Amino acid sequence: MDLIVFLIFATVAVVCAINVVVQTHPISSAISLVGVMGSLAVLYLLLGAEFIAAAQVIVYAGAIMVLFVFVIMLLNAGTEARKGRSLMAQSLGVPLLILFLVPVVWLVQRLFPENVSVRFGGFRGGSAQDVGRALLTT
């Protein structure tokens with residue numbers, strides 16, 4: 001069940017993140033960013049970090065996004081004008097992306113062991129009591 005919830009909210013986070021970049025209207029982009037922040041909060045809950053999930057919703061999805069929307073409204077930003085892409089960007093974009101990703105994937109596979117796996121809810125230090133105790137004692 002945890003894996004299904006993880007896959008759903010990870011997909012929502014990735015789709016909303018792509019939508020942040022693709023949207024031409026700033027308000028739609030900000031709404032998509034709220035979707036990313038909410039999905040990340042659910043992923044933090046799955047890992048057992050309740051305090052970080054609550055802070056994610058309150059600080060980022062709430063306060064920061066309200067500030068973003070106020071700035072967009074005050075600047076009266078309209079939709080972004082689409083311009084033609086350069087021929088060099090169209091022809092070199094995907095090959096350079098692959099050329100960058102191949103060494104990154106190779107390094108990640110070499111540096112991190114495969115036998116370590118994440119257990120959902122296995123971390124027991126993410127409650128507000130644990131974070132408060134760590135902040136005020138150590």
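Leaving aside neighbours within four places in sequence, Val20 is in contact (heavy atoms within 4.5 Å) with Ser29, Ser32 and Leu33. The model examined here is predicted, so local features need pLDDT of at least 70 and side-chain atom pairs count only at pLDDT 80 or more, while totals for chains, interfaces and linings use all residues. Residues are numbered from 1 along each chain as its sequence is written, and side-chain values use heavy atoms, with hydrogens and water left out.

Ser32 belongs to helix α2 and is buried, with a relative accessible area of 7%. Apart from neighbours within four places in sequence, Ser32 meets Cys16 and Asn19 as well as Val20. Ser29 is likewise part of helix α2 and counts as buried at 15% relative accessibility. With residues up to four places away in sequence not counted, Ser29 touches Val20 and Gln23.

These contacts lead to the packing of the two helices. Helices (H or I, at least four residues) and strands (E, at least two) are DSSP runs, numbered from the N terminus. Two packed helices are described by the angle between their axes and the distance between the axes. Axes are lines fitted to C-alpha atoms, for helices over the stretch in contact, and angles run from 0 to 180 degrees between N-to-C directions. For α1 (residues 2-22) and α2 (residues 26-47), the angle is about 155 degrees and the axes are 8 Å apart. The two are therefore roughly antiparallel to each other, a term for angles over 145 degrees, with under 35 counted as roughly parallel, 65 to 115 as roughly perpendicular and the rest as oblique. The contact draws on residues of α1 including Val5, Phe6, Phe9 and Val12, and on residues of α2 including Leu33, Val36, Val42 and Leu46. By class, the contact residues comprise 14 nonpolar, 5 polar and 1 charged; Ala, Val, Leu, Ile, Met, Phe, Trp, Tyr, Cys and Pro count as nonpolar, Asp, Glu, Lys and Arg as charged, and the others, Gly among them, as polar.

Helix α2 also packs against α3 (residues 50-75), at an angle of about 175 degrees and with the axes 8 Å apart. That makes α2 roughly antiparallel to α3. Among the residues that meet here are Ile27, Val34, Met37 and Tyr44 in α2 and Ile52, Tyr60, Met65 and Phe68 in α3. The residues of this contact divide into 19 nonpolar, 1 polar and 1 charged.

Turning to the whole chain, there are 5 helices and 0 strands, in the order α-α-α-α-α along the sequence. The C-alpha trace spans about 55 × 45 × 35 Å along its principal axes. The radius of gyration is 20 Å, whereas a compact globule of 138 residues would have a value near 14 Å; the radius is taken over C-alpha atoms, and the globule rule is 2.2 Å times the number of residues to the power 0.38. Buried residues make up 16% of the 138 residues. Of the contacts with a separation of 6 or more, 69% are between residues 24 or more positions apart.

Notes. Buried < 20%, exposed > 50% of the residue type's maximum accessible area, 1.4 Å probe, protein only.
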